[in-house]
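Keep the sequence and the 3D view open while you read.

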Amino acid sequence: GDTKIRVSGMTCNHCKKSVTETILAIKNIEDVNVDLDSGDVFITGDNIDINEIYTSVEKIGFKIIKQ
């Protein structure tokens, strides 16, 4: 399935890479696409633990925007 989250604080390609690698390290994640301009992060995978994603992203210093 596809999941979309919004992350604030990503300003550069290094941020984008950090977020991508952090999310990819979580189990069941197949693919991650970050749109730097909007802050949207598209995540592909089944049985994803969304809270684990939130925690991991916040741990590296970014904020999740709950919609």
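Glutamate 21 and lysine 17 join their side chains in a salt bridge, at 3.3 Å from N to O. The term salt bridge here means a side-chain nitrogen of Lys or Arg within 4 Å of a carboxyl oxygen of Asp or Glu. The two residues are four apart in helix H1, so about one helical turn separates them. In general, an α-helix has 3.6 residues a turn, so residues three or four places apart point the same way. Glutamate 21 is partly exposed, with a relative accessible area of 46%. (Buried is under 20% relative accessible area, exposed is over 50%, and partly exposed lies in between, using a 1.4 Å probe and protein chains only.)

Before going further, a word on the model: it is predicted, local features need pLDDT of at least 70, side-chain atom pairs count only at pLDDT 80 or more, and totals for chains, interfaces and linings use all residues. Residues are numbered from 1 along each chain as its sequence is written, and side-chain values use heavy atoms, with hydrogens and water left out. Helices (H or I, at least four residues) and strands (E, at least two) are DSSP runs, numbered from the N terminus.

How many salt bridges does a search of the whole structure find? The search finds three. Arginine 6 meets aspartate 40 with the closest N and O atoms 2.7 Å apart. This pair links distant parts of the chain, with arginine 6 in strand E1 and aspartate 40 in strand E3, 34 residues apart. Lysine 4 also forms a salt bridge with aspartate 40, at 3.8 Å from N to O. Here too distant parts of the chain are linked: lysine 4 is in E1, aspartate 40 is in E3, and 36 residues separate them.

Is aspartate 40 buried or exposed? Its relative accessibility is 8%, so aspartate 40 counts as buried.

## How the strands pair

E1 and E3 run antiparallel and are joined by five bridges. (Two strands pair if DSSP finds at least two bridges between them.) Within this pairing, arginine 6 stands opposite aspartate 40.

E3 is also joined to strand E2 (residues 31-34), again antiparallel, by four bridges. Aspartate 31 has threonine 44 of E3 as its bridge partner. The hairpin of E2 and E3 has five residues between the strands, and glycine 39 takes a positive phi near 85° there.

## Helix H2 and serine 56

Helix H2 covers residues 50-59 and includes serine 56. At its start, a side-chain oxygen of aspartate 49 comes within 3.1 Å of the backbone nitrogen of asparagine 51. After H2 comes glycine 61, with a positive phi near 105°.

The buried residues of H2 are Ile53, Tyr54, Ser56 and Val57. They pack against E1 (2-8), H1 (13-24), E3 (40-44) and strand E4 (63-64). Serine 56 counts as buried because its relative accessibility is 17%. Its side chain reaches the backbone oxygen of glutamate 52 at 2.8 Å. Leaving aside residues up to four places away in sequence, serine 56 touches Thr22 and Ile26, where contact means heavy atoms within 4.5 Å.

Definitions and conventions:
Polar contact = N/O pair within 3.5 Å; in protein donor to acceptor, adjacent residues only side chain to side chain.
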